[in-house]
Amino acid sequence: MNIVNSMELKIPSKSINESFARSVISAFLLQLDPTISELSDIKTAVSEAVTNCIVHGYRDTGGMIYIKGEIAEDNTIIIKIRDKGKGIPDIKKAMEPLFTTGGEERAGLGFAVMESFMDKVKVSSKEDKGTTVTLYKKLIRAKYEKP
């Protein structure tokens, strides 16, 4: 996959930064003139992934969240959201709808939401090392214009 543009963002794992991360990714993708629906889907998936970093990755501690956005030549968007937190002991189990380690206030639908809005979701994790969620979505009407 030939990457034609990219951006990186590093933010503290604070709830207030979830909307900031979503806005930055949205602004980056505007160069492709996505539909409102495409943009909304991507923003929602990014929100879920960043929230997972805050709530599960760093739980009661804190740390940094690393976000990388890429645009491939075929108009595929690749967004990597990474933390260096607790990690996920059983990724398959964590991705099951309604499974949560976040207590009663969490619905356990984060990964299900990401999968419903994106073409592909890849999760890799190591306990006490962190988790990376990679989101993929090919934009339908977009056309990257080379400068």
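Student: In which loop does Glu127 lie?
Tutor: This is a predicted model, in which local features need pLDDT of at least 70, side-chain atom pairs count only at pLDDT 80 or more, and totals for chains, interfaces and linings use all residues. Residues are numbered from 1 along each chain as its sequence is written, and side-chain values use heavy atoms, with hydrogens and water left out. Helices (H or I, at least four residues) and strands (E, at least two) are DSSP runs, numbered from the N terminus. On that numbering, Glu127 lies in the loop between β4 and β5.

Student: Is Glu127 buried or exposed?
Tutor: The classes rest on relative accessible area: buried means under 20%, exposed over 50%, and partly exposed in between, with a 1.4 Å probe and protein chains only. Glu127 has a relative accessible area of 53%, so the residue is exposed.

Student: With which residues is Glu127 in contact, leaving aside its neighbours within four places in sequence?
Tutor: Contact means heavy atoms within 4.5 Å. The C-alpha atoms of Glu127 and Asp90 are separated by 9.4 Å, although these residues are 37 apart along the chain. The contacts of Glu127 are with Lys86, Gly87, Ile88 and Pro89.

Student: Which residue in the turn between β4 and β5 has a positive phi?
Tutor: Strands pair if DSSP finds at least two bridges between them. Strand β4 (residues 120–126) and strand β5 (residues 130–138) pair in the antiparallel sense over seven bridges. They form a hairpin with three residues between them, and the turn residue with a positive phi, about 60°, is Asp128.

Student: What is the bridge partner of Val121 in β5, and which residues does that partner touch?
Tutor: The bridge partner of Val121 is Leu135. Not counting residues up to four places away in sequence, Leu135 touches Ala45, Val46, Ile77, Ile78, Ile79, Ile81, Met114, Met118, Lys120 and Val121.

Student: How many residues has the largest nonpolar core, and which element gives the most to this core?
Tutor: A nonpolar core is a set of buried Ala, Val, Leu, Ile, Met, Phe, Trp, Tyr and Cys residues joined through side-chain atoms within 4.5 Å. The largest has 32 residues, and those with the most contacts inside it are Ile42, Ile65, Ile67, Ile79, Ile81 and Leu135. Two or more residues come from each of β1, α1, α2, β2, β3, α4 (110–117), β4 and β5. With eight residues, the element that gives the most is α2.

Student: Against which elements do the buried residues of α1 pack?
Tutor: Helix α1 spans residues 16–29, and its buried residues are Asn17, Glu18, Ala21, Ile25, Ser26, Phe28 and Leu29. They pack against β1 (3–12), α2 (36–57), β2 (64–72) and β3 (76–83).

Student: Why is β2 described as largely enclosed by the rest of the structure?
Tutor: Nine bridges join β2 to β1 in the antiparallel sense, with Asn5 opposite Ile71. Seven bridges join β2 to β3, also antiparallel. The description holds because the number of buried residues in β2 is seven of the nine.

Student: Which residue in the turn between β2 and β3 has a positive phi?
Tutor: β2 and β3 form a hairpin with three residues between them. The turn residue with a positive phi, about 70°, is Asn75.

Student: At what distance from the ring centre of Tyr66 is the charged end of Arg82?
Tutor: A charge sits over a ring if NZ of Lys or CZ of Arg is within 6 Å of the ring centre and within 35 degrees of the ring normal. Lys120 lies over the face of Tyr136, at 5.1 Å from the ring centre. Tyr66 stands opposite Arg82 in β3, and the charged end of Arg82 sits over the ring of Tyr66 at 4.4 Å.

Student: Is Arg59 exposed or partly exposed?
Tutor: Arg59 is placed in the loop between α2 and β2, and its phi is near 30°, a positive value in a residue other than glycine. Its relative accessible area is 37%, so Arg59 is partly exposed.

Student: What percentage of the residues in the protein is buried?
Tutor: The protein has four helices and five strands, in the order β-α-α-β-β-α-α-β-β from the N terminus on. Of its 147 residues, the buried ones make up 44%.
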